[in-house]
Amino acid sequence: MKSANKFIVLGAICLAMLGLPLVVDNYYIMHLIIMFLIWSIYSSSYNILLNAGQLSLAHNAFFAVAGYCSAIFMMRLELPFLVSMFSGALLSMLFGLFIGKITVKMRGSHFVLVTFAFAEITRITANNWTSVTNGPNGIRGVPGPEIFGQAIMSMPALYYMALILMGITLYVAWRMLYGRLGRTFIALRTSEDLAEAVGISHTRYIMVAIAVSCFLTGLGGSFYAHYVTLVSPELSKFGYMINVLIMVIAGGRYTLFGPVLGAAMFVFFSEFLRFFDMYRMLIFGTLLILIVMFMPQGIYPVCANAVKRWCKRGAN
């Protein structure tokens, strides 16, 4: 597809996203769309770290830490919403850098197991530190988003706020995937020894990937806490990490829009399968197995290649 056509398609998608609240007035559908945007932020930020060659199982912890911190800052310290949200994301980033400093020299299964252990420590801490986290009940009644003291109550306004956060995440991800840093990450992922031989510092660039990925994950976690007005130890359960892995792998890892497509499939298709009641998870699991078997690179690369072939045929 030519560059001009790409910009036309992206422009049309952006206009459609901006105009969506004008044609969708159903509360439940808008809720699903906002959840899709939050999951897109989560999965896209995780894909940044995955692109650097690091399979972390601790991102559910970063998501939860940001949610807890943002809720506590706004409810107990009475900080403004934006200050609380970005402070939660910043603390999530610092937590990620702390874990990264410990694990950055580890490779393969060792790195995976240690990050999983940190996520479990976070879950257990959230579950038992009742004076701060309110234990298993979580922190309820988290104030909703507000700007300059004005509460944002309407679904369209919440949608646009989530859309802005998703736009920021995708822009940063685009720079991290396809810019100079992206090429550096590909070199590290392909052959770390060769990359080190030409002067690419593994430690430095992996820490950059961790910082950016955790900060964006924290933004998603903070907004999620204020949107659903609840943050609990459930957020740091391993199931959330599995959900993100499904989105990234099924949608297409190392691509910009693969995690977004995976998030859409996870939110909307799994919701559609509710009509099948007891067969829901069986159908969804079968579909995932088929995707992994016949589309190992993910849905988005397959669709993108099909569109390119179709465009070439049209040009001929």
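Biologist: Is phenylalanine 276 buried, partly exposed or exposed?
Modeller: This is a predicted model, where local features need pLDDT of at least 70, side-chain atom pairs need 80 or more, and totals for chains, interfaces and linings use all residues. Buried means under 20% relative accessible area and exposed means over 50%, with partly exposed in between (1.4 Å probe, protein chains only). Phenylalanine 276 has a relative accessible area of 38%, so the label is partly exposed.

Biologist: Where is phenylalanine 276 placed?
Modeller: Residues are numbered from 1 along each chain as its sequence is written, and side-chain values use heavy atoms, without hydrogens or water. Helices are DSSP runs (H or I, at least four residues), numbered from the N terminus. Phenylalanine 276 sits in the loop between helix H12 (258-272) and helix H13 (280-294).

Biologist: Which residue forms a salt bridge with glutamate 271?
Modeller: A salt bridge puts a side-chain nitrogen of Lys or Arg within 4 Å of a carboxyl oxygen of Asp or Glu. Here the closest N and O atoms are 2.9 Å apart. Glutamate 271 counts as buried because its relative accessibility is 16%. The partner is arginine 274.

Biologist: In which helix do glutamate 120 and arginine 123 lie?
Modeller: Their side chains meet in a salt bridge, 2.9 Å from N to O. The two residues are three apart, about one turn of the helix, and both lie in helix H5.

Biologist: How many salt bridges are found in the whole structure?
Modeller: One of them joins lysine 237 and glutamate 234, at 3.1 Å from N to O. Lysine 237 is partly exposed because its relative accessibility is 36%. Glutamate 234 is partly exposed too, at 41%. The search of the whole structure gives a total of three.

Biologist: Which helix supplies the largest share of the lining of the largest cavity?
Modeller: A cavity is a set of points on a 1 Å grid over the protein atoms alone, where a 1.4 Å probe fits but cannot get out; lining residues have an atom within 4 Å of a point. This cavity holds about 70 Å³ of space. Helices H3, H4, H5 and H10 each supply at least two lining residues. The largest share, four residues, comes from H4.

Biologist: Which helix gives the most to the lining of the second largest cavity?
Modeller: The second largest cavity holds about 40 Å³ of space. Its lining includes Trp39, Phe63 and Tyr240. Four lining residues come from the top contributor, helix H2.

Note on methods: 1 Å grid on protein atoms, 1.4 Å probe; cavity = no way out; pocket = protein on both sides within 12 Å on 5 of 7 lines; lining within 4 Å. Points joined across faces, edges and corners; volume = space filled by probe spheres on them.
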